[in-house]
Amino acid sequence: MALVSTLEILEKADKEGYAVGAFNINNMETVIAIIEAAVELDSPVIVGVSESAIRYMGIKMAAGMVKTLAEAVPISVGLHLDHGKKMETIKEAVKNGFTSVMIDASDRPFEENVKITKKVVEIAHSAGVSVEAELGKLPGPEDDISIEEREAFLVNPEEAEKFVDQTGIDFFAPAIGTSHGAFKFKAKSKLDFERLRLVKEKTQVPLVLHGASSVNKKLLGAAEKYGLELSGARGLCSEVLKKAIKKGINKVNTDTDLRIAFTVGIRSVLLQEPSVFDPRKIMGPAMDFMKDVVKERIEVLGSVNKG
Ligand SMILES: [Zn+2]
């Protein structure tokens, strides 16, 4: 079917108490893996495109692939701009049929963040596109794997209430202790659940968890087997993620797990079959590894049969 409003997908999840995966794409193989996995589990899905992915493949290619595939499948697929920083990219995303955009002005002072976000809401809403914004800081730049764990600057629930009210955003990303990349925690994963509960109570909108990749044992085992160096990597464990969903998270972002799966898939072929040079034989296993990741996530998020 045609792309579905991200807000519609998330409002249903909010009402019924589950979360929907937002998976980032970097190439065609990732798009196919994400959508095929969601179809097989009859789950709604959100495809995330970052500004750097747009720089890599062009916005028309990114949007075109997702739209074309979405039209051929029976599940709800949303197309989302992840961490939009530039007004120009926001406008381009709206023009190219994205069903939601994130404006990330979380590095600006509160009032400035409100002002920028309000402007984005105006532009996006006039085209029927929903908006996500963020308060607080997640350590680690979105597209780098930070090797140091840094203290997160967590969201203030009172400010969150004011922010959502003043900007009119549709869903909200509070910083509650996760971080981007493969090195999220030094020990066990830990989120500030009380803060999350308060934010949900005060904002009453679908909430988004960034930096939510699992970097689980299975992935790390495969990484080790095929020589991908990731020692010390640690993600968000399923139990903690499930608890966060119970407390109001409805959109869970995953990028790192897919990057690891992709690389492991490629390495598995190149290491084991030195005579292979057919791109399809190299990329095929990468797709299978990514599909497994998406399916595992969908099971944890509780969106099976909600497609
Ligand atoms: Zn993020």
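**Close-up 1. Helix 10 and the residue that follows it.** Just after helix 10, Gly 248 adopts a positive phi of about 120°, in what is a predicted model throughout. Within helix 10, which spans residues 238–246, the buried residues are Val 240, Leu 241, Ala 244 and Ile 245. These four cover an arc of only 140° around the axis, which puts them on the same side of helix 10. An α-helix has 3.6 residues a turn, so residues three or four places apart point the same way. The cover over the buried residues of helix 10 includes helix 8 (193–203) and strand 7 (207–209), together with strand 8 (249–254) and helix 12 (279–301).

Close-up 2. Helix 8 is followed by Gln 204, whose phi is positive, near 55°.

**Close-up 3. Strand 8 and its two parallel partners.** Strand 8 is mostly covered, with 6 of its 6 residues buried. Strand 1, which comprises residues 20–24, pairs with strand 8 in the parallel sense over 4 bridges, and in this pairing Ala 22 has Asn 253 of strand 8 as its bridge partner. Strand 7 also pairs with strand 8 in the parallel sense, over 3 bridges, and here Leu 209 stands opposite Val 252 in strand 8.

**Close-up 4. Strand 4 beside strand 3.** Strand 3 and strand 4 run parallel and are joined by 3 bridges, and the bridge partner of Gly 84 in strand 4 is Ile 103.

**Close-up 5. The packing of helix 11 against helix 12.** Two packed helices are described by the angle between their axes and the distance between the axes. Helix 11 (residues 256–272) and helix 12 pack at an angle of about 145°, with their axes 7 Å apart, and their crossing is right-handed. The residues of helix 11 in this contact include Leu 258, Ala 261, Phe 262 and Val 269, and those they meet in helix 12 include Ile 282, Pro 285, Phe 289 and Val 293. The residues of the contact divide into 13 nonpolar, 2 polar and 4 charged.

**Close-up 6. The crossing of helix 6 and helix 7.** The axes of helix 6 (residues 110–125) and helix 7 come within 9 Å and cross at roughly 35°, again in a right-handed crossing. On the side of helix 6, Phe 110, Val 114, Thr 117, Lys 118 and Val 121 take part, and they meet Glu 159, Phe 163, Gln 166 and Thr 167 in helix 7. By class, the contact of helix 6 with helix 7 has 4 nonpolar, 3 polar and 2 charged residues.

Close-up 7. Most residues other than glycine have a negative phi, and most peptide bonds are trans. Val 215 has a positive phi of about 40° although it is not a glycine, and Val 215 sits in the loop between strand 7 and helix 9 (217–225). Because it has 22 C-beta neighbours inside 10 Å, Val 215 counts as buried. Asn 305, likewise not a glycine, has a positive phi of about 65° and lies in the segment after helix 12. Asn 305 is exposed, with 8 other C-beta atoms within 10 Å.

**Close-up 8. Lys 86 in its loop.** Lys 86 is placed in the loop between strand 3 (77–84) and helix 5 (87–95). With 10 other C-beta atoms within 10 Å, Lys 86 is exposed. The C-alpha atoms of Lys 86 and Gln 272, which are 186 residues apart along the chain, are separated by 43 Å.

Technical notes
Residues numbered from 1 in each chain as written. Predicted model: local features only at pLDDT ≥ 70, side-chain atom pairs only at ≥ 80, totals over all residues. Buried ≥ 20, exposed ≤ 12 C-beta atoms within 10 Å, placed from the backbone. Arc of directions from axis to C-beta. Contact = placed C-beta atoms within 7 Å. Pairing = 2+ DSSP bridges. Axes fitted to C-alpha atoms, helices over the stretch in contact; angles between N-to-C directions. Left-handed = near helix turned anticlockwise from the far one by under 90°. Nonpolar A, V, L, I, M, F, W, Y, C, P; charged D, E, K, R; others polar.
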